[in-house]
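Thanks for making the time this morning.

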Amino acid sequence: MTDTTVPAATEAPGTPVPAVPEQPGTPSTPVPVDNPNLPGPGVVDEKRKPIMPPWLRDRAEFTAAAQHAAGRLGYAAAYHGLRLPWYGLQLAAMSPRGACRFIASANRWVWDREAAPLRDHAVRTEDVDEYLHLARLRGNRVRLRGLVVAVAAVFGTGFALWLYVMAPAFLWVFAAGAVLTCGYFGQQPDAPVIGPAVMRTELQKLTGTIVLRGLDSIGNPRISAAIKRGGDMDGMRFTSEIVRDGPGYRADLDLPYGVTPDDIMEKREALASGLRRKVGCVWPSGDPDEHEGRLVLWVGDRPMNETSKPAWPLLKDGQVDLFKPVVFGNDQRMRWVEVTLMFASVVIGSIPRMGKTFLLRLLLLIAALDPRSWILAFDLKGTGDLGPLEPVAHRYRSGEEDDDIEYILHALREVKEELRRRAKVIRSLPRSRCPESKVTPALASDKSLGLHPIVIGIDECQVLFEHDKHGAELESICTDITKRGPALGIVGMYATQRPDAKSLPTGISANAVLRFCLKVMNHTANDLVLGTGMYKSGIRATMFSRRDLGICWMGGEGDDPRIVASAFVDAPKAEQVAARARKMREEYGNITGHAIGEGPAKTVGMDVLGDVLAVMGADEKAVWCERIADRLAELRPDVYADWKGENVTAAVKPWGINSGQVWGTTDEGEGANRRGIKRADVVAAVTRREADRLAS
Ligand SMILES: Nc1ncnc2c1ncn2[C@@H]1O[C@H](COP(=O)(O)OP(=O)(O)OP(=O)(O)O)[C@@H](O)[C@H]1O
């Protein structure tokens, strides 16, 4: 079969290649495929470099840089200030040596000793002219310098005498200055009195050679071959010079044809070894604005997990609008990264002890700082990590016992009811107020509508979904929250240390908007948290080390997933933030539920009317309310255990059923008149309700 391959770009223009034969067996006629006159596409893109460096344009970065510089200056001032008397003593002790050195060098200078070797040479070579010239030069110099010294001595002595008479205090100041100066010159060169306040470790500068060495060492045959051949032929080249970018270096380069940044990201550790850096310093990535072969290699001065992070800006002050992006962490270059919680549902996954709970708590704190929101915090680990949120929580529970699960179930049933109610409210609003059929900031602020943000955080959510009795119901409510919640102002956030299909049901993992994946062990967990295909496209949380606490891949905010180190807010700091949030909420009038000691209503989502009817015998005309309460407690102890007769009366009243005196017999067989309800009234109420449901 004749070869029909298009020649490589490296072939000379006009090189003939065989074309497809018209008839089998006919010899092919070579035709040129590279037309030298084919016009080029010209410049397709132009990128302007910023006139102002980014740190000068960004207020936060500028403040961080200024604070860093001021901090260093302040530290040096305090360090040296404390040691000043000791410096003075040491310099005074060294002043005689300094004075001798000064006299010796002044003496050498006056007698022009530096030119002595030249004069010696002239004598040895018997160069009379040269010698005479040098001797004349020396004579002139000695005269002039001697004069300078004599004048300085006379004026110096005169000035000292004048000071002695006119301002003796100043004489001491000058004398002390002279002693310290002599001491300064008397120091041993290898042991200066005043050392640096901060010891710095110098790092090797990142150069092109080091980058190529690193890339060569990852064992990719195409890269190694391209480096050996000089790169150009294989399309490998640096596209701009290596620059400082934040606390590190950035190198942009084109990889050999067919190699993608993913091939490099996979071998991050080998690359770090080749660059002679810790793996936490080395962050290869693609450039979303460029072609698939462009690599951006960012090499930090220190590993991301060792770089001291700036304090979270909302720690001390500031209010949040959940509809707007809020700062919650930094990228590798210590630039702030923002998150928008509204209209999102969130999943957080990782192996244990990587910082999921801290991250979930941070996101809940952000939500708490919007005074309109309701916070529902459920910690199924049971260690109280979400405890700092209690003062602002509408619903809060820590633990995984049956009564904890039931509390959460009731709270989530309330949310389900709320979803229904909100959908109706939104449907009823005119288009002008609700143009996109979803909650807007204005609607959320209108207290009469009750469309404020509701943020639910569930840590170790797998415990809920795996529960024998309520697992299925809990999963269905959470899936509903994930799917419908964002448009209705309800944000569900789920964290799990076991990201598998059972812990994070696909209904949730597939519909989540924001995804945070801290270290995981395999590609299945990676894709379950970050989304299908992420591992394949190089977004791999498996690359984090166990020391990368709080560092995650974040997907869903912006075009591409990015690496973020979440701000470190420990429990005491979280309590401070929650206290601030509580104050704001008190002013706004939004302290509800758990924060004022109320729990969820256990009957929400339950068919109380149906249950009442179910416990009344078909042959009973009317039953005492207290008896109905006992029977209900038997039917569903988890819901009705604490019910008394009054609860039954109150529960059926909204359905138009009024209790009245009913004649009956006590368990002991005595006749008595007590409050009760008629079965016919209940049947009529159920019928009315069903008819209404069918009609709507
Ligand atoms: N953003 C962060 N920066 C630095 N360290 C952090 C950060 N977040 C958490 N850590 C550290 O990681 C440790 C584990 O955090 P956390 O309890 O949130 O982990 P986890 O993944 O929820 O663990 P588990 O799976 O056991 O519940 C914390 O003790 C904390 O010191």
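This is a predicted model: local features need pLDDT of at least 70, side-chain atom pairs count only at pLDDT 80 or more; totals for chains, interfaces and linings use all residues.

Helix α3 covers residues 116-124 and helix α4 covers residues 128-166, and their axes come within 8 Å of each other, crossing at roughly 155°. Since the cut-off for roughly antiparallel is an angle over 145 degrees, α3 is therefore roughly antiparallel to α4. On the α3 side the contact is made by L118, R119, A122 and V123, which meet E130, Y131, L134 and A135 in α4. Sorted by class, that contact holds six nonpolar residues, two charged ones and no polar ones.

Stepping back for a moment, the protein has 22 helices and 20 strands, and of its 696 residues 33% count as buried. If we take the contacts between residues at least 6 apart in sequence, 65% of them join residues at least 24 apart.

Now to the ligand, where 14 residues form the surroundings, the closest being P352, G355, T357, F358 and G550. Which helix gives the largest share of that shell? That is helix α10, residues 356-368, with three residues. The shell as a whole divides into five nonpolar, six polar and three charged residues.

Next comes helix α16, residues 523-530, which is mostly covered, with six of its eight residues buried. Those buried residues are A525, N526, D527, L528, V529 and L530, and they pack against strands β10 (346-349), β15 (514-517) and β16 (551-555), as well as helix α15 (506-509). Just after α16, G531 takes a positive phi of about 115°.

Is S285 buried or exposed? With 20 or more other C-beta atoms within 10 Å as the cut-off for buried, S285 counts as buried because it has 21 within that distance. Leaving aside residues up to four places away in sequence, S285 touches P261 and V296. The C-alpha atoms of S285 and W298, which are 13 residues apart along the chain, are separated by 8.1 Å.

Note on methods:
Residues are numbered from 1 along each chain as its sequence is written. Axes are lines fitted to C-alpha atoms, for helices over the stretch in contact, and angles run from 0 to 180 degrees between N-to-C directions. Helices (H or I, at least four residues) and strands (E, at least two) are DSSP runs, numbered from the N terminus. Angles under 35 degrees count as roughly parallel, over 145 as roughly antiparallel, 65 to 115 as roughly perpendicular and the rest as oblique. Two residues are in contact if their C-beta atoms, placed from the backbone, lie within 7 Å. Ala, Val, Leu, Ile, Met, Phe, Trp, Tyr, Cys and Pro count as nonpolar, Asp, Glu, Lys and Arg as charged, and the others, Gly among them, as polar. A residue is near a molecule or strand if its C-beta atom, placed from the backbone, lies within 6 Å of it. A residue is buried if 20 or more other C-beta atoms lie within 10 Å of its own, exposed if 12 or fewer, and partly exposed in between; C-beta atoms are placed from the backbone.
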